[in-house]
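Here are my notes on the model you sent over. Keep the viewer open while you read.

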Amino acid sequence: MKYRTLGKTGEKVSILGFGAMRLPHFKANDQIDIEKSDEILSYGIENGINLIDTAYSYHASNLAGKGKCEEYLGNFLYENSYRDEVLLSTKLPSWLIKSKKDMENIFKSQLKDLKTDFIDLYMLHSLNKDYWKMYRELNVFEFMDELLSSGKVKHIGFSSHTEMDWIVDILDDYDKFEFALSQLNYLDERYQSGREGVEYLSSNNLGTMIMEPLRGGRLVQNIPQDIVDLWDSAEEKRTPLEWAFQYLWNMKEVNTVLSGMNSLNQVKENIEIANKSEINSISENDLELIKEVAWEYKQRKANDCTGCQYCMPCPHGVDVAGCFREYNVAKMLNNPAGSAMHYFSLESGTRADSCLHCDDCLYHCPQMIHISEDLKKVEEFFGKKYTYF
Ligand code: SF4
Ligand code: SF4
């Protein structure tokens, strides 16, 4: 396994981290298959993975609730005496926080479930501009200061689902953040804060953790033939899995990549790729090829929304750009379930079913999208309720 320093935390972290949001489970998401999960996590740790990432909500029975992952991991690490071998990372569920007491109570229950006295890497989960405003009003700074000074948290950070401007504001507001987790893969260079965000974090010496390297697995499954042909034309032959990981590990700004592995084969394959990865090992021609592949995928989008937001704010509260973003990603990757998760993370009242078809926004769109018509399609596509559990 290879290791990089996680920014100013100074921690040596394996370049492949174990994301525990997709552990093997029985039919229901909250019924973790303990035997199989133990096997794949043990293999990962024995072969050099030293970062395990979980969250309060992982392996829950519904989108917003408390999951079973932390409790499972607490038992696993304790029974196998692995706690001291790994950096344990988990998150405060921003969507459940209404007061400082909520933060304290949830954190306390996380320590108990994880059977530990401290968390190595603790994050505010899914930080976006609305959650950050809420946290500021609740004086989250005091809560985070207490976690750090008591030693119950070694390093504080945030997982980011926000645009670049907000990353800058967040770091300006609180200078004790030491790392952040952001979404990045070769399709998402400009999604949310994208590559620019990772470069900005790194230039400020924050540790950079990457999520969604395979876009929920879609970059390596059911690959369209024209994209297979493009990969086959590369100077150096790599599997789609290698392309996706190596695109990230090629960047010196990336410290570690989390992968939500759920089988022993996946763990073995990912570790093998990590072991041979290098910074700056992709040729200029092959970097161009990656752009071509991304372009081919993007041709499959449902409409041409660029996310410019000239049509917003909608007088009835619809997050037009957010709805189209998730709809387009779902079409591009043919993955309704993966995108539905993000779509239903948009606040209720901002999704497509809140559009009143008044057409006030119609002439504001530089892409000439008939917004209300396309929002109808979004509503039909995702429905009114998350139904994938
Ligand atoms: S058509 Fe829909 S999205 Fe556009 S302004 Fe009216 S309610 Fe908002
Ligand atoms: S104005 Fe058009 S392109 Fe811009 S966010 Fe709205 S729908 Fe998308």
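Predicted model: local features only at pLDDT ≥ 70, side-chain atom pairs only at ≥ 80, totals over all residues.

1. Residues are numbered from 1 along each chain as its sequence is written, chains are lettered from A and ligands numbered from 1 in written order, and side-chain values use heavy atoms, leaving out hydrogens and water.

2. The protein chain splits into domain 1 (3-290) and domain 2 (320-382), with bounds from an automatic or database domain assignment. Their centres, taken over C-alpha atoms, are 27 Å apart. Ten residues from domain 1 and eleven residues from domain 2 make the contact (heavy atoms within 4.5 Å).

3. Now look inside. The largest nonpolar core has 90 residues, and those touching the most other members are Leu124, Trp132, Tyr135, Phe158, Phe177, Tyr186 and Tyr297. Such a core is a set of buried Ala, Val, Leu, Ile, Met, Phe, Trp, Tyr and Cys residues joined through side-chain atoms within 4.5 Å; buried means under 20% relative accessible area (1.4 Å probe, protein chains only). Both domain 1 (3-290) and domain 2 (320-382) supply residues, so this core lies between them.

4. A separate second core of 23 residues includes Cys314, Val320, Phe324 and Cys355.

5. Finally, what comes nearest to ligand 2? Of the 14 residues around ligand 2 (a heavy atom within 4 Å), the nearest are Cys305, Cys308, Gln309, Cys311 and Cys365.

Notes. Buried < 20%, exposed > 50% of the residue type's maximum accessible area, 1.4 Å probe, protein only.
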